[in-house]
Each structure stands twice: as C-alpha cells, then as structure tokens.
Amino acid sequence: MYKVFVNDKPLFLTDKIEKETDFQLFLLDSVDIDKIIIKYFQNKIDKAFLYYPNEKQILKKIKDKIPVQKAGGGLVYNSKGEILFILRSGKWDLPKGGIEKNEEMEETAVREVEEETGVNGLEIVRKLPKTYHIFKRNGKYKLKITTWYEMKTDFEGTPVGQLEEGIEKAVWLNKEQIREAMNNSYENIKLLIDEAGVLK
C-alpha cells in the first residue's frame, strides 16, 4: 500500500478492498483523479482509498493519470547527532528538490541539500523510504515522488537558508526540538521521521 498526501490528508493506493467506515473507496481504473484531488483541496474528502487489484502495477497506473515530478532530499545528521531542518512557508521541512537532466537521484539529493542550506561535505549513509504528495503548479496537479537519503556531514559552519526558494531558516535541531517541530510540519515529513526511527 502507498500513502500519498493531498493537502496533507492521506490518499491510500491499495490492492485490497476494505469495508468503508470513515473513508471513501474509488476504483483506480475508472476514477477521474482530478475530481478527487479537487475534493481534497475543498476539504470535502479527509481520507480515501484508490483500489487496483495488482499492487506492483498500482504506481504505474496512477502515473498514467497524473504527471510525476521526481525529487531528492536529505535527512542530514551532523557530528552532534542533530538533524538539518528548513523552515519554509512557516512550516518545518527537510531540504529537497527536483531532479535535473542527466542527474542521478543521489546527486540531486546532495545538490539540493547544499543549495537550500549551504551545508556541504555530505556523505550518503543509506536510502530511506520515498514520500508521495500531490500539489498544484500552474493550474495542473502533479504527483511529487521524493527519494530520501540519510546523510552525514562534519560541516562546522552555520547553515544558511536559500532565500530565492523561500527558505526562512536552515537550522540543526536535536531530538527534543524535532518533536516540537513535528507539531508544525507536513504529514509526509512526520512519516519519514517516524520510518527513519529518528525519535526512538
């Protein structure tokens, strides 16, 4: 099952039909995906399931219905065990950005962290789970698939937020500060922090 966030609310892609209780179920083959997304943005849907019988094909099916934007990002630890966060549009986020032509995803993730925060000397430790969310750009809906990497750095300087990307702050946060920051973050970031075992 995949969890896609639309307006910070979950849209599940599933190969199992469950009895409806607190959500709506749609058939991926026949659904008008734009209509569902609009309902999410109008707060008419809080949670929905898109059903397709073959889980291996489910992501391909959704990509046929909505354009995909691929991105790479980093969950970056410094030598003190703190994690690099950015504050953008008043919410805590992790540095990430779109892939460029002829780039490998690892290169995208490292480049975006460097550009958005000024932090360098990055070393990829492991690949983390991907996150999925739908956003609107130039009047069209797109599915952003972000590949995340855990990284480490011995960077000693002060991170600097990339102003032209609307980043208000780039800072190192410890576990307690991250717990606090999660009260004002995005659902897919909370999911990633949880899946990466950051607060254990």
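A salt bridge here is a side-chain nitrogen of Lys or Arg within 4 Å of a carboxyl oxygen of Asp or Glu. All views show a predicted model.

View 1. The side chains of Asp8 and Lys91 form a salt bridge, 3.7 Å from N to O. One salt bridge is found across the interface of domain 1 and domain 2. Three residue pairs are in polar contact across this interface. On the side of domain 1 that touches domain 2, β1 (2-6), α1 (33-41) and α2 (55-65) each supply at least two residues. The largest share, five residues, comes from β1. By class, this side of domain 1 has ten nonpolar, one polar and four charged residues.

**View 2. Domain 1 meets domain 2.** The domain assignment gives domain 1 (2-65) and domain 2 (68-196). Their C-alpha centres lie 26 Å apart. In contact are 15 residues of domain 1 and 13 residues of domain 2. The buried area is about 1,200 Å², with 74% from carbon and sulfur atoms. Phe5, Asp8 and Lys63 supply 43% of the area that domain 1 buries against domain 2, more than any other three residues.

View 3. Lys96 is found in strand β8 (residues 96-98). Its relative accessible area is 10%, under the 20% limit for a buried residue, so Lys96 counts as buried. Leaving out residues up to four places away in sequence, Lys96 touches Gly72, Gly73, Arg88, Glu112, Glu116, Lys144, Thr146 and Trp148.

**View 4. Lys61 reaches Asp29.** The side chains of Lys61 and Asp29 meet in a salt bridge at 3.7 Å, N to O. This pair links distant parts of the chain, 32 residues apart. Lys61 is in helix α2, and Asp29 is in the loop between β3 (24-27) and α1. Lys61 is partly exposed, at 26% relative accessibility.

**View 5. Arg111 pairs with Glu100.** Their side chains form a salt bridge of 3.5 Å, N to O. Arg111 lies in helix α3 (residues 105-117), Glu100 in the loop between β8 and α3, eleven residues apart. Arg111 is buried, with a relative accessible area of 14%. Glu100 is partly exposed, at 46%.

View 6. Glu187 is partly exposed at 29% relative accessibility. Lys190 is partly exposed at 28%. Elsewhere, salt bridges that share partners join Glu100, Glu103, Arg111, Glu112 and Glu115 into one network.

Terms used
Residues numbered from 1 in each chain as written. Predicted model: local features only at pLDDT ≥ 70, side-chain atom pairs only at ≥ 80, totals over all residues. Heavy atoms only, no water. Domains from an automatic or database assignment. Contact = heavy atoms within 4.5 Å. Buried area = accessible area lost by both parts, 1.4 Å probe. Polar contact = N/O pair within 3.5 Å; in protein donor to acceptor, adjacent residues only side chain to side chain. Helix = DSSP H or I, 4+ residues; strand = E, 2+ residues; numbered from the N terminus. Nonpolar A, V, L, I, M, F, W, Y, C, P; charged D, E, K, R; others polar. Buried < 20%, exposed > 50% of the residue type's maximum accessible area, 1.4 Å probe, protein only.
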